[in-house]
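Open the model in your viewer and keep the selection tool at hand.

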Amino acid sequence: MRDGGSFTTRRVKAIQHGRTIFDLAASFQIPEQGAEHQDEMPDVPGPDGIMSERELVERYIERQPVSEKLQRALRRPRPVETRPIDPEDPISPQPLPTKKYYWIRASDQLPGDLSLHQALLAYASDHGLLSAALRPHAYSFMQPDLQLASLDHGMWFHRAFRFDDWLLYSIESPSASNSRGFTRGQIFTRDGTLVASTVQEGLMRKQPQK
């Protein structure tokens, strides 16, 4: 779309069976010096000693057995390790605040290429973002009558980081209406550096009971 002196923009369109299923707009900038400020990282427990999402899944399955198909899906190996603070219970959800926090990192060591770390964080940033809008309504992704989908997703990278070290994902949902939940997130390194921000709107439609 544009090649400038310090900014470059690109657009990517993915087509499947003749229909557009994905549309991406990206802006790239060369690094430069300038004024800096950032929000402070929330005061929450660190990742050490917090149960991983995988360990929580095993607890849920032990408490209330689920189908083998769902067990395989919940237990499949994942490229990103997550440790939620104040996790919601997907089997017996209760109303919770619209703010949530969890620690994330790649499941293995990564090469030093920053663009790889950014790409993997972009992939991981979708995980759990919409769930902040589900929490106050006691909605769960395991409810068969709940239709969930990401409608749009925006992300901004502010500073360099490594995704094979722990990052805190701070998420909140300021609004939900018309079966859509609006959420935004901030991602911090362990030392409190804000490295990325996200926004997302997602579908959270309750289907009529049959």
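**Stop 1: Tyr169.** This is a predicted model. Select Tyr169 and show its surroundings. Leaving aside neighbours within four places in sequence, Tyr169 is in contact with Lys100, Tyr101, Tyr102, Ile104, Ser125, His127, Leu129, Gly185, Gln186, Ile187 and Thr198. Is Tyr169 buried or exposed? Its relative accessibility is 0%, so Tyr169 counts as buried.

**Stop 2: the aromatic pairs.** The structure holds two of them. Pick Tyr102 together with Tyr169: this pair is edge-to-face, at 5.5 Å centre to centre and 65 degrees between the planes. Tyr102 belongs to strand β5 (residues 99-106) and Tyr169 to strand β7 (residues 167-177), so the pair ties together parts that are 67 residues apart in sequence. Tyr102 counts as buried because its relative accessibility is 3%. Now go to Phe157 and Phe161. Their ring centres are 6.3 Å apart and their planes make 15 degrees, so this pair is stacked. Phe161 counts as buried at 7% relative accessibility, while Phe157, at 34%, counts as partly exposed.

**Stop 3: Ser125.** Select Ser125 in the loop between α3 and α4 (131-134). Its relative accessible area is 0%, so Ser125 is buried. Not counting residues up to four places away in sequence, Ser125 touches His153, Met155, Tyr169 and Thr198.

**Stop 4: the sheet.** Switch to a cartoon view. Six strands form an open sheet, in the order β4-β5-β7-β8-β9-β6, with antiparallel pairing. Which strands stand at the edges? They are β4 (80-85) and β6 (146-157); each has a single partner strand, so one side of each is left without a neighbour in the sheet. On average, neighbouring strands of this sheet are turned by 25 degrees against each other, direction ignored.

Walk across from β4. Six bridges join β4 to β5, and the two run antiparallel. Pro84 stands opposite Tyr102 in β5. Step on to β7: six bridges join β5 to β7, again antiparallel. Here Ile104 has Leu167 in β7 as its bridge partner. Then comes β8 (residues 180-189), which pairs with β7 in the antiparallel sense over nine bridges. Find Ile171; its bridge partner in β8 is Gly185.

**Stop 5: the helix on the sheet.** Select helix α3 (residues 114-124), which packs on the sheet. The helix touches β4, β5, β6, β7, β8 and β9 (194-206). The direction of α3 makes about 150 degrees with that of β6.

**Stop 6: the cores.** In soluble globular proteins, nonpolar side chains tend to be buried together. The largest nonpolar core here has 17 residues. Which of its members touch the most other members? Select Ile104, Leu121, Phe163, Leu167, Tyr169 and Ile187. The elements giving two or more residues to this core are β5, α3, β7 and β9. A second, separate core has eight residues, among them Val44, Ile50, Trp103 and Phe188.

**Stop 7: confidence.** Finish by colouring the chain by pLDDT. The protein chain averages 92, and 99% of the residues score at least 70. Among the elements, β8 has the highest mean pLDDT (98). Helix α2 (residues 68-75) has the lowest, at 73. Where pLDDT is low, the predicted coordinates should not be read in detail.

Terms used: Residues are numbered from 1 along each chain as its sequence is written. This is a predicted model: local features need pLDDT of at least 70, side-chain atom pairs count only at pLDDT 80 or more; totals for chains, interfaces and linings use all residues. Side-chain values use heavy atoms; hydrogens and water are left out. Rings of Phe, Tyr and Trp (its six-membered ring) pair if their centres lie within 6.5 Å; planes under 30 degrees apart count as stacked, over 60 as edge-to-face and the rest as tilted. Helices (H or I, at least four residues) and strands (E, at least two) are DSSP runs, numbered from the N terminus. Buried means under 20% relative accessible area, exposed over 50%, partly exposed in between (1.4 Å probe, protein chains only). Two strands pair if DSSP finds at least two bridges between them. Axes are lines fitted to C-alpha atoms, for helices over the stretch in contact, and angles run from 0 to 180 degrees between N-to-C directions. Contact means heavy atoms within 4.5 Å. pLDDT is the predictor's confidence in each residue, from 0 to 100. A nonpolar core is a set of buried Ala, Val, Leu, Ile, Met, Phe, Trp, Tyr and Cys residues joined through side-chain atoms within 4.5 Å.
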